[in-house]
There are 2 protein chains.
Amino acid sequence: MRPLLFVTAAALLIGAAPAKKLMTPSDVVAGAPANAWKTIPADDLMVMDLAKGGRIVIQLAPAFAPVHVANIKALARGGYWDGATVYRVQDNYVAQWGLNESDRPWPTGVTPKPPAEYTRALKGLTITPLGSPDPYAPGAGFADGWPVAYNAKAGWADLVHCYGTVGVGRDLSPDTGTGGELYAVIGHGPRQLDRVIAIVGRVVEGIDRLSTLPRGTEALGFYKDKAQYVPIASIRLASEIPAAYRPSYEVMDTASATFARYLKIRANRHDDFYIRPAGGVDLCNVQVPVRKKA
Amino acid sequence: MRPLLFVTAAALLIGAAPAKKLMTPSDVVAGAPANAWKTIPADDLMVMDLAKGGRIVIQLAPAFAPVHVANIKALARGGYWDGATVYRVQDNYVAQWGLNESDRPWPTGVTPKPPAEYTRALKGLTITPLGSPDPYAPGAGFADGWPVAYNAKAGWADLVHCYGTVGVGRDLSPDTGTGGELYAVIGHGPRQLDRVIAIVGRVVEGIDRLSTLPRGTEALGFYKDKAQYVPIASIRLASEIPAAYRPSYEVMDTASATFARYLKIRANRHDDFYIRPAGGVDLCNVQVPVRKKA
């Protein structure tokens, strides 16, 4: 095998005008024009501060799970999670937090039994197709800054479980969970959970605060002793934080030409390290670029 | 949406004789007969002990990267990694270890410039097809206990990057790396690295010792200060350890009827929690069962 031959082949395979420099996905992100970015509304950002230090910022997805997200916002505004804990960390799966007990009353505005928001109407979404087959749905791509699966014939779309995805813990079906117990994916995207559980957002900063936590030794990664629980100081909406201290993030517009270029290069890495382009890509391996605003 | 209806639909969709109890993948593994398991040869097991405690056990794959694996065995036997460190931990990507410098001579038996063992001949492998589309190759499935991608027309097969996969760090192409610097995947399977880098095995125990390490803050997750390096006491082949202390593992035979059943249920979860079966599965979400022998 002669790797150098593949570099040449790769350069030829890109198709468009021959690149003078072989672009990486990071190059595309770095060179993205201002209009390729959209600011996340402060009311869709949730800030979780661990008691021992460390911040996790979550973008909520009201367009996909409106009742669950409304619940979560009501819980954050009501200070429901003050003193809650991360009580479950299962390797290559999820970190989960909440009260793990139901002895605190719901704040005002919480719907105790939300509908099963596991899919939404495809109509109304602008889809940028992935361009590669997906094992879990007839279609896969990006809409509104999110990775989605969809079924054009049946008319539904859904958010998917990738690294950093945040969903709503629940008991056995037909329970849908209220939103008081949430989890974030810290391993290979458990796509088998798609359309089985309500996805409400994704971690946009600080996922490593969760992914580096010690794994629980009980079944499903629950911590054995309460002493192992990781205390949460507070979870608030960014919109509740004074503007001067409020973190702000931008997500790449997945309908932009810049994102299309990013996606193409993600599926066809051809810079110096990559001896041949894959010609395809997994939905979860195309992380939608997010950046913190100064 | 009426979740309970989907439970019923799921039960009907399974196809085979109606199950009295809705089996989970774990149920299949727990009920696997003895002949569905194969013992990993002690000479293909590598035991990595961290200086501050914690063991990581790696199964090597000589049938896929024979020269690189022979190098790695020579390095282990020669005590090459005694005092080496984990010096790079990049979130949702890899943990990497080695000497990070080339001032120690290679032990006897190391081929300094191995060939690019990025694929092998498909011929000679018994493939159990995944049964779902794969974005990175025309074919995907399992062979000899390993997840593989393949191209029947071109006649090649390759190991793939899933959670826990171990590969050989290298510099820019056409360098192939010698085996002295290894990495393990600690995030969503970076399949874009398939056929770009030599895969030599997988972690069968203790991946959480790597996945919970603090992330490096330099570019690509390298630790900034040497004080952050995680020292390795030793890396040895299990065959070098006295039999009484030697760990031993079994891998499910991927050509067995039990594995076929396990695979089918992985693609069609239908127990109480799963309100509808996916009807498909990602290659990296079908982890080949491995268990420790008593």
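Me: About what area is buried between chain B and chain A?

Reply: This is a predicted model, in which local features need pLDDT of at least 70 and side-chain atom pairs count only at pLDDT 80 or more, whereas totals for chains, interfaces and linings use all residues. Side-chain values use heavy atoms, with hydrogens and water left out; residues are numbered from 1 along each chain as its sequence is written, and chains are lettered from A and ligands numbered from 1 in the order in which they are written. Buried area is the accessible area (1.4 Å probe) that two parts lose on being put together, summed over both. Between chain B and chain A, with carbon and sulfur atoms giving 60% of the total, it is about 4,400 Å².

Me: Which three residues supply more than any other three of the area that chain B buries against chain A?

Reply: The contact (heavy atoms within 4.5 Å) takes 50 residues from chain B and 50 residues from chain A. Of the area that chain B buries there, 16% is supplied by B:Pro135, B:His188 and B:Phe273.

Me: Which elements give two or more residues to the side of chain B that touches chain A?

Reply: Elements are DSSP runs numbered from the N terminus: helices are H or I of at least four residues, and strands are E of at least two. By that rule, the elements that give two or more residues to this side of chain B are helix 1 (3-13) and helix 4 (207-211) of chain B.

Me: How many salt bridges are counted between chain B and chain A?

Reply: A salt bridge requires a side-chain nitrogen of Lys or Arg within 4 Å of a carboxyl oxygen of Asp or Glu. Over all chains the structure holds 24 of them. The count between chain B and chain A is zero.

Me: In what order do the three strands of the open sheet in chain B stand?

Reply: Strands pair if DSSP finds at least two bridges between them. Three bridges join strand 15 (residues 249-252) of chain B to strand 16 of chain B. Strand 1 (37-39) and strand 16 (290-292) of chain B each have a single partner strand, so one side of each is left without a neighbour in the sheet. The pairing is antiparallel, and the order is 1-15-16.

Me: Which residue of strand 16 is the bridge partner of B:Glu250?

Reply: Strand 15 and strand 16 of chain B run antiparallel. In strand 16 of chain B, B:Glu250 has as its bridge partner B:Arg291.

Me: What N to O distance is found in the salt bridge of A:Glu250 and A:Arg291?

Reply: A:Glu250 in strand 15 and A:Arg291 in strand 16 of chain A are 41 residues apart. Relative accessible area under 20% means buried, over 50% exposed and in between partly exposed (1.4 Å probe, protein chains only). A:Glu250 is therefore buried at 12%, and A:Arg291 counts as partly exposed at 34%. Their side chains meet, N to O, at 2.8 Å.

Me: How many residues apart in sequence are the parts that B:Asp44 and B:Lys73 tie together?

Reply: The side chains of B:Asp44 and B:Lys73 meet in a salt bridge (2.8 Å, N to O), and both residues are buried. B:Asp44 lies in the loop between strand 1 and strand 2 (45-50) of chain B and B:Lys73 in helix 3 (residues 66-77) of chain B, so the distance in sequence between the parts is 29 residues.

Me: The backbone oxygen of which residue lies 3.0 Å from a polar atom of the side chain of B:Thr176?

Reply: B:Thr176 is placed in the loop between strand 11 (165-168) and strand 12 (182-185) of chain B, and at 7% relative accessibility it counts as buried. The residues that B:Thr176 touches, not counting those up to four places away in sequence, include B:His68, B:Tyr118 and B:Arg170. The backbone oxygen at 3.0 Å belongs to B:Pro114.

Me: What is omega for the cis peptide bond that joins B:Ser173 and B:Pro174?

Reply: B:Pro174 lies in the loop between strand 11 and strand 12 of chain B. In chain A, the peptide bond from A:Ser173 to A:Pro174 is cis, with omega near 10°. For B:Ser173 and B:Pro174, omega is about 10°.

Terms used. Polar contact = N/O pair within 3.5 Å; in protein donor to acceptor, adjacent residues only side chain to side chain.
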